[in-house]
Amino acid sequence: MGTSGRSMSCRRRTVTCLGSIAFPTLGVNRRRGRKPVVYIHHGLLMCSDVFLCTTTADRALPLVLAEAGYDVWLGNNRGNKYSRKHGTFNPHDAAFWNFGIDEFAWHDIPDSIEYILGVTGEKSLCYVGFSQGTAQAFAALSINPALNAKVDVFVALAPAMSPPGLAAPLVDGLMKASPALMYLFFGRRSILSSTSMWQSIVYPPIFASIIDRSLSFLFGWTGSRISSTQKVAAYAHLYSAASTKAVVHWFQIMRNAEFTMYDDDVRSLSPRAQGQGQSRFYYRPARFPTRNIAAPVVLLYGTRDSLVDIDVMRSQLPAHTVATPLEGYEHVDILWGERVDRDVIPEVLKALKKHARKPYTNGCSVDEVGSAL
């Protein structure tokens, strides 16, 4: 892998969670030696490829960060194309797919951070998430207080917490009324599992056009900030397997208008009350206590992103949260827009430069070692 004529080394490592679930991380390095660590995580129905499939290297965030002297790690969610191993189940088993945001928050994100810090020998790292990758970190930091001390800064790209809904009124209303319908349509394993087949047989520009139309129908996005060449390059990597349960969870969040934990009782309604012929909600799932996040939080959001209600989001986050609007940006523009090298990446670098701790060597920072010498 290279950028600006310089080579970079990559190494794939596998993290084991809960003693049985394996999901890989990819390390991207420019030069040897101790460096500040950055952990980057993708969104729903994606894998780590989405950060590297830009048509120019100066718009690929991991490559720019590696060039700037960071030790870059790319995470992958269990179930995607890089994360199909399990000590007990195989991907054909429904039990393999019984996971969602709660499991990512309680286990996968903390375990990945612990693994990266163990390999690098550092005491903390910077976390950069995109879309659901931000939701997983919001949840993990809110319910794992000790994890906050291990995150220098959390940079949230196109942050997702409690999206207002879909642009298609019929689909939005139906899914909010009964999120469990997703199980009826797609089963309890991987959602949209046939997409990979269609990716392989449909002419790429036609496939890109289909994705464009789907994103416009569901979310009202135009994709005008992404070139047609970039769409062909990126949309081939847009889909990677995810659990139906994770999507059901998102519709529960939209219905509740709060960033809540998964509701195991998918009916969500009590039995009819003693012959009164009425059903009622008899409990609400617990909300992630996101105001308790102690780590610095930086939000980079598009002003035309239909999945971000910044006022609602700010109200659910701690007072020290910093929010930076990206004028005219939609959701995936933050990954692949023509101007991300001028509008997005500099903001990420600024946040990392401000908050990242110096690397440690035998318990001392690099600056302290240099002074001693």
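Trainee: Which helix gives the nonpolar patch its largest share?
Mentor: First, this is a predicted model, where local features need pLDDT of at least 70, side-chain atom pairs count only at pLDDT 80 or more, and totals for chains, interfaces and linings use all residues. Residues are numbered from 1 along each chain as its sequence is written, and side-chain values use heavy atoms, leaving out hydrogens and water. Patch members have over 30% relative accessible area and no salt bridge, with like charges joined within 9 Å and nonpolar side chains (Val, Leu, Ile, Met, Phe, Trp, Tyr) within 5 Å. Three residues, written as 3 residues in the count, come from residues 181–186, which is helix α5 (helices are DSSP runs of H or I, at least four residues; strands are runs of E, at least two; both are numbered from the N terminus).

Trainee: How much accessible area do the patch residues have together?
Mentor: Areas come from the Shrake-Rupley method with a 1.4 Å probe, and for residues only the protein chains shown count as cover. Leu174, Leu184, Phe185, Phe186 and Leu192 form this surface patch, and together they have about 490 Å².

Trainee: Is Leu174 buried, partly exposed or exposed?
Mentor: Buried means under 20% relative accessible area, exposed over 50%, and partly exposed in between (1.4 Å probe, protein chains only). Leu174 sits in helix α4, residues 169–177. Its relative accessible area is 41%, so Leu174 is partly exposed.

Trainee: At what angle do the axes of α2 and α3 cross?
Mentor: Axes are lines fitted to C-alpha atoms, for helices over the stretch in contact, with angles from 0 to 180 degrees between N-to-C directions. The axes of α2 (residues 101–120) and α3 (residues 132–143) come within 8 Å and cross at roughly 75°.

Trainee: In which helix is Lys231 found?
Mentor: Lys231 and Asp212 meet in a salt bridge at 2.8 Å, N to O. The pair links distant parts of the chain, 19 residues apart: Asp212 is in helix α7 (residues 204–219), and Lys231 is in helix α8.

Conventions
A salt bridge is a side-chain nitrogen of Lys or Arg within 4 Å of a carboxyl oxygen of Asp or Glu.
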